[in-house]
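Subject: Handover of a structure and its findings

Dear colleague,

Please find the structure below, together with its sequence.

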Amino acid sequence: MREVIQFDNVSFRYPDDEKWIFEDLSFSVGKGEKVVITGPSGSGKTTMLYLCNRLYPENCDGIVKGSVVLFDKSSQSYSPGEVNHRIATVFQDPDAQFCMMTVEEELAFTLENLNVDRKEMDGRIEEVLELTGLTKFRHSVIQQLSGGEKQRIAIVCALIMDPEVLLLDEPISHLDPFTAKQFISWLDELQQERSLTILAIEHRLDLWGDFFNREIQLERINDANPMSKRISSRQEHQSLDVSGVSTGAFLKDVSFTLDRGEVAVLAGPNGSGKSTLLKALCKLIPADGTVRPSNLGYVPQTPEFLFVTKTVRDEIAYGGGTHAEELLDRLHLAAIADANPFAVSHGQKRRVAIASMLCDGREIIFMDEPTSGQDAASLVELFRLIDERAREGTTFLIVTHDMEFAFHVADSILLMKNGILTGKYDANQVWRDEELLSNHHLLQPKGWVEHEVCFA
């Protein structure tokens with residue numbers, strides 16, 4: 001089997017850091033292999049991926065020891081951009097790779113950079129959109145799409161280059177469970193059809209089945225005590241009252257209430273309006289209707305939007321809370337306390353944003369995809385913090401596609417579809433109703449199935 005990527009005793013660090021991100025890393029990936037990279041959040045998985053596509057070290061002034069060989073040629077001998085049509089990358093944050101306004105323009109821009117003749121462009125665009133089932137998005141404005149839809153468009157932009165190697169950084173983290181399953185099945189067929197080599201970073205392997213041939217673990221993931229199903233902390237005192245919230249075509253007359261200490265999960269298909277609803281409730285976008293109260297804490301899907309200071313410690317303490325040091329420790333951020341919050345890993349950025357809201361002492365907190373990019377230990381600690389704060393009276397509304405986390409944490413489930421809140425349900429009612437789950441592109445969590453077997 002021809003090796004397309006080879007690392008020989010590779011170490012990497014940033015110029016201002018004394019500590020190496022990783023040291024003496026050696027592995028190889030053969031043509032046509034499907035390999036998954038695992039390890040704790042912050043262990044250097046994304047950095048390793050950026051060395052594979054030559055984004056690093058040139059674009060970050062990084063220091064590299066050892067040898068990286070791509071297609072039997074030293075990575076340092078390639079000129080800028082030379083190898084990137086052969087090794088395509090889909091970033092963890094899809095917004096980081098979009099340059100144009102619409103999907104069609106973004107795809108055309110990619111082809112222009114490959115010097116594709118204009119007469120061929122229309123056919124190439126039509127072919128890749130049809131292949132991926134995304135033809136209806138051809139003329140869509142990218143920034144009006146949901147996080148999951150953007151992620152799928154980013155994959156299309158990679159595939160239109162007809163690459164030999166596909167690098168994926170948590171490709172299903174923003175996809176609803178049904179779409180994620182479809183994506184994995186489609187990717188498997190595509191890989192076989194084109195003999196693609198796939199190197200992917202992933203924390204959650206449960207949906208992938210036997211897709212990957214093998215695993216490369218950068219660091220051993222610390223064993224975490226498994227989450228147990230929460231006992232409800234809901235109190236008989238209304239905390240949040242939402243009435244008739246609408247935003248033109250995106251949200252239609254959304255109304256619901258949450259009680260003090262209630263943990264509610266907002267779920268549904270990609271593009272159903274979940275993130276839009278959170279932004280409307282926080283008055284970040286214009287909306288009709290009423291929201292009481294209006295002093296809400298919000299952790300966005302892109303956590304960088306919150307950052308205003310130069311260190312992780314200052315960011316967490318910015319709102320004046322007194323628990324910054326405790327949260328640094330509990331959310332596994334103490335080692336990067338003095339780092340710039342913009343310079344840490346995606347999963348760490350998300351935990352910094354979560355910690356800053358928890359430190360503020362807000363009575364109501366909204367979280368948009370808080371589990372994305374988190375390893376098992378971080379998920380367990382996040383679960384514990386939510387449980388503790390809920391028992392103290394904090395109300396949570398959490399958007400997530402992670403049904404295992406939702407099963408363990410949620411008192412209630414709010415389901416959305418096509419901009420409409422289709423209902424608020426007791427969590428146990430949702431888990432046992434497979435038809436209701438299927439109608440909202442959700443899958444029955446493994447934890448629920450095991451729970452039912454134990455108590456049958």
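The model is a predicted one: local features need pLDDT of at least 70, side-chain atom pairs count only at pLDDT 80 or more, and totals for chains, interfaces and linings use all residues. Residues are numbered from 1 along each chain as its sequence is written, and side-chain values use heavy atoms, with hydrogens and water left out.

The whole chain

The protein contains 14 helices and 18 strands. Helices (H or I, at least four residues) and strands (E, at least two) are DSSP runs, numbered from the N terminus. The C-alpha atoms occupy a box of roughly 65 × 50 × 50 Å along the principal axes. For 456 residues, a compact globule would have a radius of gyration near 23 Å, and the 22 Å of the protein agrees with this. The radius is taken over C-alpha atoms, and the globule rule is 2.2 Å times the number of residues to the power 0.38.

Of the 456 residues, 56% count as buried; buried means under 20% relative accessible area, exposed over 50%, and partly exposed in between (1.4 Å probe, protein chains only). The protein exposes about 20,000 Å², of which carbon and sulfur atoms supply 46%; accessible areas come from the Shrake-Rupley method with a 1.4 Å probe, and for residues only the protein chains shown count as cover. Among contacts with a separation of 6 or more, 72% join residues 24 or more positions apart, where contact means heavy atoms within 4.5 Å.

The UniProt record, an unreviewed entry, places the feature "domain: ABC transporter" at residues 5-245 and 237-443. UniProt positions are given in the numbering used here, feature names are shortened, and annotations may be inferred rather than shown by experiment. Over residues 237-443 the chain is 34% helix and 25% strand, with its end C-alpha atoms 32 Å apart.

Strand 1 (residues 3-13) pairs with strand 2 over six bridges. Glu3 has Gly30 of strand 2 as its bridge partner, and Val10 has Leu25 of strand 2. Strand 1 also pairs in the antiparallel sense with strand 4, over seven bridges, and there the bridge partner of Phe12 is Val64.

Strand 10 (residues 238-246) pairs with strand 13 over four bridges; Ser246 has Asp288 of strand 13 as its bridge partner.

In helix 2 (residues 103-113), the residues Val103, Glu106, Leu107, Ala108, Thr110 and Leu111 are buried. Their cover includes helix 3 (118-132) and helix 4 (147-159). Helix 2 is followed by Asn115, whose phi is positive, near 60°.

Gly148 belongs to helix 4 and counts as buried because its relative accessibility is 3%. Leaving aside neighbours within four places in sequence, Gly148 is in contact with His174, Leu175 and Asn270. Gly148 and Gly289 are 141 residues apart in sequence and 27 Å apart in space, C-alpha to C-alpha.

Ala317 lies in helix 7 (residues 312-317) and is partly exposed, with a relative accessible area of 30%. Ala317 and Gly261 are separated by 56 residues in sequence and by 24 Å in space, C-alpha to C-alpha.

Yours sincerely,
A colleague

Note on methods. Pairing = 2+ DSSP bridges.
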